[in-house]
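Reader: Could you walk me through a structure? I'm new to this, so please take it slowly.

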Amino acid sequence: MTDIIKLTAAETAAKIASGELTAVEVAEAHLARIEAVDEKVHAFLHVDREGALAQARAVDEKRAKGEKLGPLAGVPLALKDIFTTEGVPTTVGSKILEGWIPPYDATLTKRLKAADVVILGKTNMDEFAMGSSTENSAYGPTGNPWDLTKIPGGSGGGSSAALASFQAPLAIGTDTGGSIRQPAAVTGTVGVKPTYGAVSRFGMVAFSSSLDQGGPCARTVLDAALLHEVIAGHDPLDSTSIDAPVPPVVEAARNGSVAGMRVGVVKQFRGEGYQAGVIQRFDESVALLKELGAEIVELDCRSFDLALSAYYLIAPSECSSNLARFDGLRYGLRTGDDGTHSAEEVTSLTREAGFGPEVKRRIMLGTYALSSGYYDAYYGSAQKVRTLITRDFEKAFEQVDVIVSPTTPTTAFAIGERADDPMAMYLADLCTIPTNLAGNAAMSLPCGLAPEDNLPVGLQIIAPAMRDDRLYKVGAAVEAAFVEKWGHPLLEEAPSL
């Protein structure tokens, strides 16, 4: 079992295609791993054992018939519990959808199934993807496999923890303000936020519609690229979906190089609040890029200092609109429906019981920002700042091919450390939010351990919209150089669970 769960997704798929392993053997090995360690990690909210084994058997039958298998056929995956899955619970980490069984698959779920990817189950997350630590889940926090007393990032901490604890070789996350990249950074894994509109949002429960984006999570850059290729592409069911070919991400991941590339370093992505060990590892990464043949260009993007403030007006405003659909009348939790309350009172009682503190906080913030007399002062002004950030990125990409930064200002903090300080929690997304506001593509990959606490540090790579292939070209080159330097992938240093 240990040998199987340590394989990369690409290696697993190759062994299944050659007949060296069966898809059922691979699925059973990962299900056994989940059974052995997930009680401690709490990465999964629901494990679909029967469904996973049925999918795996179908892959083995295809191979036995001589049918051509896709590049990820039979590879297990952990799916963030924000995508609808027909016949399998989708809770979004909230009590308000506890026990809800969707009658349809999200487009992303359909594409995974069509590619014969084996879905092991649904992973834990901050309620409605609102948070940076997975502590806001109504079903309890997830532990970081490097240190179970630390957070695994958020909102998609379940997906990143499943990867880092070898419960799955692939996972899916969503990124509204950094919720793929930040968990990847603090768990020593790879996470990619594709260009906004590159991956369908149909069937993805909405938090902030102009920011939300699904994307691939993996343990290697190539594995992330293979998954990216499966889930990306135009979807007529999503009005924000981009009708354009998927960039050649797999080819880029197989041919990593930064020779002759211009790499930008933004001066706003460092300073007060950044952990010394994070900056040390980032500076080493910049030096490495230079050694590999890149030209380093310093950038000044002043509007980035306003990104956090703009985000925490735009995202709550959109959330207050999107979450209005959870009224206790159509689906999910219903409280107070005993014949003595009006429909309005049932809705109020349901929301009181069903939504957690962070979700209520953001709904109230957003409703206030959108209210008559305050719209222009708050939401309108935040959208103007968003335009300035987009322009700063456009100017930057006239000078450079990609931008690099630390993914997070600090390594993983202790569970409970920031629970009573929302502002401190929000600062975890300082480096990731500008990309969401502009709609660009970005990746986080491991660049070492911080010397002061021996926890993973992430390097963020940012590329222009629809140039996602640049992330993989640079990421693969950096990953190969670091693995050569360390003598092994970073996750091999993680403590045994």
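This is a predicted model: local features need pLDDT of at least 70, side-chain atom pairs count only at pLDDT 80 or more; totals for chains, interfaces and linings use all residues.

Author: The buried residues of helix 6 are Gly157, Gly158, Ser159, Ser160, Ala161, Ala162, Leu163 and Ala164.

Reader: What comes just after helix 6?

Author: Just after helix 6 there is Phe166, which takes a positive phi of about 60°. The charged end of Lys6 sits over the ring of Phe166, at 4.8 Å from the ring centre.

Reader: Switching topic, how many aromatic pairs are there in the whole structure?

Author: A search of the whole structure finds 15 aromatic pairs. One of them joins Phe326 and Tyr331 in an edge-to-face arrangement, with 6.0 Å from centre to centre and 75° between the planes.

Reader: Why is the pair of Tyr368 and Tyr378 called tilted?

Author: The ring centres of Tyr368 and Tyr378 are 5.8 Å apart and their planes stand at 50°, so the pair counts as tilted. Since Tyr368 lies in helix 13 and Tyr378 in helix 14, the pair ties together parts that are 10 residues apart in sequence.

Reader: Is Tyr368 buried or partly exposed?

Author: Tyr368 is partly exposed, with a relative accessible area of 43%, and Tyr378 is partly exposed as well, at 31%. Together with Tyr374, Tyr368 and Tyr378 make a nonpolar surface patch of about 290 Å².

Terms used:
Residues are numbered from 1 along each chain as its sequence is written. Side-chain values use heavy atoms; hydrogens and water are left out. Patches are made of residues with over 30% relative accessible area and no salt bridge: like charges are joined within 9 Å, nonpolar side chains (Val, Leu, Ile, Met, Phe, Trp, Tyr) within 5 Å. Accessible areas come from the Shrake-Rupley method with a 1.4 Å probe; for residues, only the protein chains shown count as cover. A salt bridge is a side-chain nitrogen of Lys or Arg within 4 Å of a carboxyl oxygen of Asp or Glu. Buried means under 20% relative accessible area, exposed over 50%, partly exposed in between (1.4 Å probe, protein chains only). Helices (H or I, at least four residues) and strands (E, at least two) are DSSP runs, numbered from the N terminus. Rings of Phe, Tyr and Trp (its six-membered ring) pair if their centres lie within 6.5 Å; planes under 30 degrees apart count as stacked, over 60 as edge-to-face and the rest as tilted. A charge sits over a ring if NZ of Lys or CZ of Arg is within 6 Å of the ring centre and within 35 degrees of the ring normal.
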